[in-house]
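Hi there,

Here is the structure I promised to pass on. Have a look at it first, and my notes on what turned up follow just below.

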Number of protein chains: 2
Amino acid sequence: MRATSIKDVASHAGVAVGTVSNVLNYPDRVAAKTRGRVLNSIAELGFVRNDVARQLRAGQSRSIGLIVLDIGNPFFSSLARAAEDAAAEGGNAVVLGNSGHDPQRELHYIDLFEEQRVQGVLISPTGDIGKRLAALAGRGTKVVLVDSPAGTGEFSSVSVDDTSGGYLATKHLLDLGRRHIAFVAGPQHFHQVRDRLAGAAQAVAEVAGATLEVLQAGDLTVLAGRSVGDELVSRDRAALPDGLFCANDLLALGVMQSVTMLHTLRIPKDMALVGYDDIDFAASAVVALTSIRQPTALIGRTAVELLAEQLEDPEAKPRSVVFRPELVVRASTAG
Amino acid sequence: MRATSIKDVASHAGVAVGTVSNVLNYPDRVAAKTRGRVLNSIAELGFVRNDVARQLRAGQSRSIGLIVLDIGNPFFSSLARAAEDAAAEGGNAVVLGNSGHDPQRELHYIDLFEEQRVQGVLISPTGDIGKRLAALAGRGTKVVLVDSPAGTGEFSSVSVDDTSGGYLATKHLLDLGRRHIAFVAGPQHFHQVRDRLAGAAQAVAEVAGATLEVLQAGDLTVLAGRSVGDELVSRDRAALPDGLFCANDLLALGVMQSVTMLHTLRIPKDMALVGYDDIDFAASAVVALTSIRQPTALIGRTAVELLAEQLEDPEAKPRSVVFRPELVVRASTAG
DNA sequence: CCGTATCAATGAATCGATTCAAAGGAATTG
DNA sequence: CAATTCCTTTGAATCGATTCATTGATACGG
């Protein structure tokens, strides 16, 4: 049982294959009467165009490869959704690859996508794959780096300025009149954590009399945040920071939990609190959490657009777009 | 600048195209010496097999279409990841479609996937697309329904038994000796809400003296849960349920927030609390939340397996797999 | 009525990999 | 040495849609 092809349609309608093709691609090249007959046959036979054959002829597929570190992470699922939306607008589909931080799988997907002749690859790299990507690009497949520094400028890229985010959060605390700032850090091998701290330090340096303390959390989780919170609660009132900036929302929520549970410190009166990422739960926490929002959707959309740019003009120089994160003020700093 | 093809490799290595193809697909049909020469040429020219051409010849692609309601929802992103893992094991890729509950977009993706001749479509349907799916299947593309009742048994399907989940949650509360159970419902047009309530009712009916009250929340969100919590806190102690089962974790967390904030009711002593979905935040709530876990990863994997089953034996009868959700006991019911 | 311009329709060639019948060559056997 | 078997390699045919030079038909102007 072979699927019906353009040939079947042609013979059923009593025309040549080229005519059927024209009906599908350039309807007004075909006389109305003929077009009607062909469309009838298509409906009658339940013909569905074989895009594989079309792609072979065209030498171009209608899909874009997207390789993310972890699709279970809201950052990437939101990004994927946006990319997928933007691609759909251009009539393209997104093929998803989840590397799960595994360089092996990452390479596997690059291979797969190259064989499938995707138009381009949007990738949030995990391994050291500069060479592989260069080879890929050398053979004509466009590459856009996502949530990753631009590197050598060889490829277009989209990223978010974490230093600026750290600055923004800390400046906000300082603007509220807080002077004893503490940064709750996660593991320092995450470049995000380092950059956010750098931004915080910069903001503090600009204000005379402001101090910055670094509290090291073991992890970027709610639990780790809770133990930082416990430590804070047990301190002398005088030794307390009056402004707390956490490396991500999970830490901030953990701190908030331990603090509100014991009822010894009031947020934001005694201590103002800022998180990072603006996850869905930030808004619905016991005390709604001020946070730094990353424009995930915009990142995904921009990645697709940068790709489109490269496809339209293969000679175009790669572009790097760096987004500025955004401060979202809520109750945890509203006092 | 055309990409290098099998022909280029053949002439470079001084063999026929068929031989190159054999090296790629049946290496031991080719003499070691020849094979070596061909592999050399492949490496030298940087040849990458064009999967589009291969697919055309084979009449079969190496991809699976996945259409979900919302990839931003952790349920679906986890499902997608698992599907994608399972597909990768079989050497296949997953093409992602996000319908966003929009029947229009859903149809668009079905069309796209059929044109791309995907091996099969895994779909969590939103619109009334029985006919479209039947047509699709009639032309040879396999269909597996995901997180959706089996319907007429025309297609294979994977789903979770929400009634059983509701029963499980409520039975757990009853087993703890609680007798005044309340169910916090969301909008009743979600079949999940209805089924969970039905399960709860069933469990209550089995225990003499147990009562079931239904509290209607306007939404399945933390905020809606918080107003239900406020209402509970304002009640006479005597009128309080001692066991509360919420239609999902967000509601449960909302209730928990308002209750712990006011410190009038203790969880689980005064009121035991059970949620549904076991989202990541359930475990890290102020009082760790007992919940009903849905095996999202297993659902995704099983969907791919059911598809594989259909592909291997096109005559095989569609199968429906129904998973039983699982009770995860934590502090909110541990007393 | 002829020449020309316009519009439709045709169908062979093409994309690149796979398949498979056929041929070539080496080795084995009687 | 001829016959047979086994192992390699060959290359035309194929998948299905698109392209484009060519043909055929019609209309129009002079």
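A word on naming first: helices (H or I, at least four residues) and strands (E, at least two) are DSSP runs, numbered from the N terminus. Residues are numbered from 1 along each chain as its sequence is written, while chains are lettered from A and ligands numbered from 1 in the order in which they are written. Please keep in mind that this is a predicted model, where local features need pLDDT of at least 70, side-chain atom pairs count only at pLDDT 80 or more, and totals for chains, interfaces and linings use all residues; side-chain values use heavy atoms, with hydrogens and water left out.

Where the chains meet

Contact here means heavy atoms within 4.5 Å, and on that basis chain A brings 47 residues to the interface and chain B brings 46 residues. The size of an interface is often given as the accessible area lost when the parts come together. Chain A and chain B bury about 4500 Å² between them, with 58% of that on carbon and sulfur atoms. (Buried area is the accessible area, with a 1.4 Å probe, that two parts lose on being put together, summed over both.)

There are 24 residue pairs in polar contact across this interface, both residues being at pLDDT 80 or more. A polar contact is a pair of N or O atoms within 3.5 Å; within protein, one must be able to donate a hydrogen and the other to accept it, and residues adjacent in sequence count only if both atoms are side-chain atoms.

On the side of chain A that touches chain B, at least two residues each come from H4 (51–58), H5 (74–89), S2 (93–98), H6 (103–115), H10 (222–233) and H11 (249–262) of chain A. S2(A) gives the most, with 6 residues. S2(A) also pairs with S2 (residues 93–98) of chain B in the antiparallel sense, over 3 bridges; two strands pair if DSSP finds at least two bridges between them. In one of these bridges, Val94(A) has Leu96(B) as its partner.

Salt bridges

A salt bridge is a side-chain nitrogen of Lys or Arg within 4 Å of a carboxyl oxygen of Asp or Glu. The count between chain A and chain B is 8, including the one from Arg49(A) to Glu115(B) at 3.2 Å, N to O. Over all chains the count is 38.

Within chain A, Glu213(A) and Arg235(A) form a salt bridge at 2.7 Å, N to O. Glu213(A) sits in S7 (residues 211–216) and Arg235(A) in the loop between H10 and S8 (243–246), so this pair ties together parts that are 22 residues apart in sequence.

Backbone points to check by eye

The peptide bond from Ile267(A) to Pro268(A) is cis, with omega near 5°, and Pro268(A) is in the loop between H11 and S9 (272–274) of chain A. In chain B, Ile267(B) and Pro268(B) are also joined by a cis peptide bond, with omega about 5°.

Best wishes
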